[in-house]
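Q: Could we go through the aromatic rings in this one, and then the charges around them?

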Amino acid sequence: MRARPFQQIDVFTATPGYGNPVAVVLDSTGLDDAAMQHFARWTNLSETTFVLPPTDAQADYALRIFTPGGELPFAGHPTLGSCFAWLAAGGQPKSPDCVMQQCAKGLVPIRREAAGRVAFAAPAMQMTAPSPSRLAKVAQALGVTAAQVQRAQVLDNGPQWFGLLLDSADTVLALQPDHAALAQLGLKVGVAGVHAAPGASMLIAKSSREARAFGAGREAPLIEVRAFAAPIGVAEDPVTGSLNASLAQWLIGDGELPARYLAAQGTALGRAGRVHVQRDEAGQVWVGGDCVSVIRGEVSL
């Protein structure tokens with residue numbers, strides 16, 4: 001064991017405590033898979049990441065991403081939080097405007113935006129239509145009717161999500177899923193709904209603390225997102241980059257959402273995650289957010 005630089009970053013928020021945290025070990029040289037997995041179980045966060053020297057000449061660093069239950073080829077909020085921590089610790093990218101991350105999914109460009117915000121290029125996604133019987137079981141586990149489900153697709157950009165577009169943001173916020181049923185189905189489920197009056201949901205309006213966290217007068221979110229991941233032991237993930245990336249590629253592509261919008265996630269958990277989504281002229285979807293360092297120091301690993 002030795003002391004290794006460490007940060008814990010809150011992602012998709014500029015206010016500590018209102019986003020989704022990720023633990024980042026900034027020097028993971030010499031750690032084997034078992035040590036990484038053990039530490040990820042110990043932190044008990046949705047993801048813990050390990051920064052390593054890249055093996056691809058185009059990359060600035062390599063990243064391995066672990067949940068308490070296993071390794072992921074790619075995940076959104078760990079990508080942004082790890083990049084933010086790497087830069088804060090003095091990392092110098094080959095390009096001044098873009099950091100290149102190497103992970104099991106491949107190379108992921110991360111651009112540096114105004115006010116310290118970072119955004120990753122959404123990886124290529126595969127999309128398949130679910131069977132009617134599987135959709136019916138998911139709807140039953142969520143407690144929604146067939147009339148409330150507008151669209152459904154299985155989305156895969158590394159992590160796989162069973163994606164649903166529901167009839168409204170209010171329906172999304174009111175969900176009380178049967179997490180045991182979702183775990184039995186073995187599906188991670190992501191849901192989205194459009195705000196009738198963006199930013200005016202009762203759950204947001206009732207909480208002045210959450211309102212302050214994203215700031216009065218700022219851009220109002222267009223959609224509300226929730227992510228249920230019972231099969232990996234996470235009843236509800238506060239803010240999910242990979243899911244938002246897949247939803248954007250799907251719903252912008254189908255004309256359901258504009259090329260640029262703001263998503264809210266975490267409202268039902270007392271968080272105030274804000275995910276900035278944009279599809280550029282080349283068709284690339286970028287998923288960005290603010291990050292803030294909450295814990296800095298060393299870990300013995």
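Q: How many aromatic pairs are there by the rule?
A: The count comes to six aromatic pairs, where rings of Phe, Tyr and Trp (its six-membered ring) pair if their centres lie within 6.5 Å, planes under 30 degrees apart being stacked, over 60 edge-to-face and the rest tilted. This is a predicted model, in which local features need pLDDT of at least 70 and side-chain atom pairs count only at pLDDT 80 or more, while totals for chains, interfaces and linings use all residues. Residues are numbered from 1 along each chain as its sequence is written, and side-chain values use heavy atoms, with hydrogens and water left out.

Q: Why is the pair of F6 and F39 edge-to-face?
A: Their planes stand at 85 degrees, with the ring centres 6.2 Å apart, so the pair counts as edge-to-face.

Q: Are F6 and F39 buried or exposed?
A: Both F6 and F39 are buried, meaning under 20% relative accessible area, with exposed over 50% and partly exposed in between (1.4 Å probe, protein chains only).

Q: And what does F39 form with F50?
A: F39 and F50 form another edge-to-face aromatic pair, at 6.3 Å centre to centre and with 70 degrees between the planes. F50 is buried, its relative accessible area being 0%, and for F39 the value is 6%.

Q: Which residues do ring pairs link into a cluster?
A: The cluster consists of F6, F39, W42, F50 and F66.

Q: Switching to charges, what sits over the ring of W286?
A: The charged end of R111 does, 4.3 Å from the ring centre; the criterion is NZ of Lys or CZ of Arg within 6 Å of the ring centre and within 35 degrees of the ring normal.
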